Structure formats: structure tokens, C-alpha cells
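This report describes how parts of one protein chain are arranged. Look at the sequence and the structure first, then read on.

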Amino acid sequence: MSDKILIIGKGFLGGTIFSTCQNAGINVLGTHYNKSIPIVDITNINSIEKVVSAFRPDLIINCAALTNIDQIESNPKRAYAINAYGAKNIAEISRQNKIKMIHISTDSIFDGIKGMYCEDDIPNPINEYAKSKKMGEDFVKEILDTHIIIRTNFYGYNSEGKFLFNWILKKINEKQRIIGFSDIIFNPLEIRNLADMINELVYKDFNGILHLSSNEIFSKYEFIIEIAKMLNFDIDLITKGSIKNANFTANRPLNTSLSNQLAKKILKTQPLSLKNWLEDFDRTNSR
């Protein structure tokens, strides 16, 4: 068990993990690069060393990342500084202080040709964001023996109105039309469900790569339709489309679904279905 956990990158996922750890009675500290105390800039190894020396954690969870895929494609320098070399800096400090590290990666490191990727499938990133995340994984594996690399994709309600679910909710609530891509396939986890799995991993003697994903595989179109149906919105607002017709700067992998068979052997926390989460969301939230 880890008595003290340092979460670097207290954003949407990092903040959810932080709350989950707090609720479990774990001594946890969350950091951000510009809006919380303490501030940690992972592009500066001394910034990481300072907070680690002060807090002396038993485990570091790295949730820090730059994720705007199209902006990164046009200007990848900062993404590599954060997603790759930032992860390297955290791994270096973890090694020096004999601290285990959980590093959050992405399903996007695969090329999307076959889907249902296992932990031992070879990544083949097709955009700069994914390449920077793959490089971060490689640094963690090379530097640190005691690590967990989590590849995942997630959704959930964000209190600041950001990210995929909130974007869908805003569009359908305002009766705006949405094009859902029928050729983009994924199996994301609800964010609190994912945080529960990560919290369980804190207590596990596991090292290596782990895929955390849902049992349900959706196209983006099917995902949006399910949300609209469950929340009693007009599904006629949702049009089936193709990523091929989208005006994106960066290429997207078509099928990044992840196999969760290894995770099921390790963890007791079960993947929550989209339907069950939406039922709970609909009961507890007014629109």
C-alpha cells in the first residue's frame, strides 16, 4: 500500500483520482502547472524534485499531458516537452527517490487498424500527440523498474463544462445538430470508474503496462446516440458521418478499442456500462 500519493496534473482525471484517494483515507497531494499550490512544471526537473523532497510520496501518479491533437500537430514542440520529456523527468526523480510511478498514457498510441489491442501489441502512433505519448511511455519503461503505464480513454461530466460528454450534452440540450463519426471506434471508461480502478491499483503489487477500458465498444456515432436516448433528447439531431470528411489537421486512428482481459484478472473493480452511468447521471443532475 502507498501511504502518501503525489498526483502531478490535477486536471479532469487527476482531480477525480485525487478525490477518490481522499475518500479512501489516503494522504494525497495534487499539483498543477499553473493554478494550484504547489505548482509543478514537469518540463523543469528541479520543480518536480522540490515537491517530492517536501512531500516525500510513496507513489507518484502522472496525469499531466498536453492533448489538443490538432494544435499539437501544427506545433508539437511543447507536447514533446510535456508528454515525453516531462514524463522522463518524473521517472528520473522517481528512480532517484525509489518511488513507484503510475503513468497515464492513451489508446491513441495505436494505429487503429485492428482494434482490441492487448498490452503486448506494438504501438504505431500516427500523429504527433500519439508519438509524444509513446515517447513518454518509452522513457518511463527505460528509466524506472517499478512503474505502471495505464493506457485508457475516458468520458464523464466535467464541472467546468469541458471535454466530450459536456460538449455532447451542450449540443443536444441546445438542439444543435451533431455529426457522429461511425468509423471512429473506442471503448472508454467513465472517469470515476477509471479513478476507482487506479485507486485499487495503488494496493496491488503490479508492474508494467495495463489497459483500462470498458466492456462496451462504440463508434462515436453510437456513443452520442446512446447518450441522447438515455437522456430523452431528440436523436434526429444526430447525423452519421465519417472522419474522412472532417477537416482535421492531424490523422486519427480509426479503432483504438483496448482489450481489458488482463485488468479483469488483476482488479475487482468492474467496468461500468454507459447505460448505468447515464441512469445515475440523469437521476442526480438537472439540465
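A residue is buried when its relative accessible area is under 20%, exposed when over 50%, and partly exposed in between. Ala246 has a relative accessible area of 25%, so Ala246 is partly exposed. The structure shown is a predicted model. Ala246 sits in the loop between strand E12 (238–241) and H9. Its C-alpha is 9.2 Å from that of Phe181, although 65 residues separate Ala246 and Phe181 in sequence.

| Residue | Relative accessibility | Class |
|---|---|---|
| His32 | 12% | buried |
| Phe163 | 45% | partly exposed |
| Arg56 | 62% | exposed |

His32 belongs to the loop between strand E2 (27–31) and helix H2 (45–55). Neighbours within four places in sequence left aside, His32 has contacts with Lys10, Gly11, Pro38, Ile39 and Val40.

Arg56 is in the loop between H2 and E3. Arg56 is not a glycine, yet its phi is positive, about 55°. Phe163 is another residue other than glycine with a positive phi, here near 80°. Phe163 is part of helix H6 (residues 163–173). A positive phi, near 60°, is also found in Asn232, which follows H8. Within helix H8 (residues 220–230), the buried residues include Tyr221, Phe223, Ile224, Ile225, Ile227 and Ala228.

**Nonpolar cores**

In soluble globular proteins, nonpolar side chains tend to be buried together. In this model the largest nonpolar core has 30 residues. Which residues have the most contacts inside it? They are Ile5, Ile17, Ile61, Ile198 and Leu212. At least two residues of this core come from each of strand E1 (4–8), helix H1 (12–23), strand E3 (59–62), strand E4 (100–104), strand E5 (147–152), helix H7 (191–201), strand E10 (208–212) and helix H9 (261–266). H7 gives the most to this core, six residues. Ile61, with its neighbours within four places in sequence left aside, is in contact with Ile5, Leu6, Ile7, Ile8, Ile17, Ile102 and Ile198. Another core, of 25 residues, lies apart from this one, and Ile42, Val51, Ile60 and Ile149 are among its members.

**Helix pairs**

Two packed helices are described by the angle between their axes and the distance between the axes. Helix H4 (residues 77–96) and helix H5 (residues 128–143) have axes that come within 8 Å and cross at roughly 10°. H4 is therefore roughly parallel to H5, as angles under 35 degrees count as roughly parallel. On the H4 side, the residues that meet H5 include Ala79, Tyr80, Asn83 and Ala84. On the H5 side, those that meet H4 include Glu128, Tyr129, Lys131 and Ser132. The contact of H4 with H5 has 11 nonpolar, three polar and six charged residues.

H4 also meets H2. The axes of H2 and H4 come within 9 Å and cross at roughly 40°. H2 and H4 are therefore oblique to each other. The crossing of H2 past H4 is right-handed. H2 contributes Ile45, Ile48, Glu49 and Val52 to the contact, and H4 contributes Gly86, Asn89, Ile90, Glu92, Ile93 and Gln96. By class, the contact of H2 with H4 has five nonpolar, three polar and two charged residues.

Methods. Residues are numbered from 1 along each chain as its sequence is written. This is a predicted model: local features need pLDDT of at least 70, side-chain atom pairs count only at pLDDT 80 or more; totals for chains, interfaces and linings use all residues. Side-chain values use heavy atoms; hydrogens and water are left out. Axes are lines fitted to C-alpha atoms, for helices over the stretch in contact, and angles run from 0 to 180 degrees between N-to-C directions. Helices (H or I, at least four residues) and strands (E, at least two) are DSSP runs, numbered from the N terminus. Angles under 35 degrees count as roughly parallel, over 145 as roughly antiparallel, 65 to 115 as roughly perpendicular and the rest as oblique. Contact means heavy atoms within 4.5 Å. Ala, Val, Leu, Ile, Met, Phe, Trp, Tyr, Cys and Pro count as nonpolar, Asp, Glu, Lys and Arg as charged, and the others, Gly among them, as polar. A nonpolar core is a set of buried Ala, Val, Leu, Ile, Met, Phe, Trp, Tyr and Cys residues joined through side-chain atoms within 4.5 Å. Buried means under 20% relative accessible area, exposed over 50%, partly exposed in between (1.4 Å probe, protein chains only). A crossing is left-handed if the near helix is turned anticlockwise from the far one by less than a right angle, and right-handed if clockwise.
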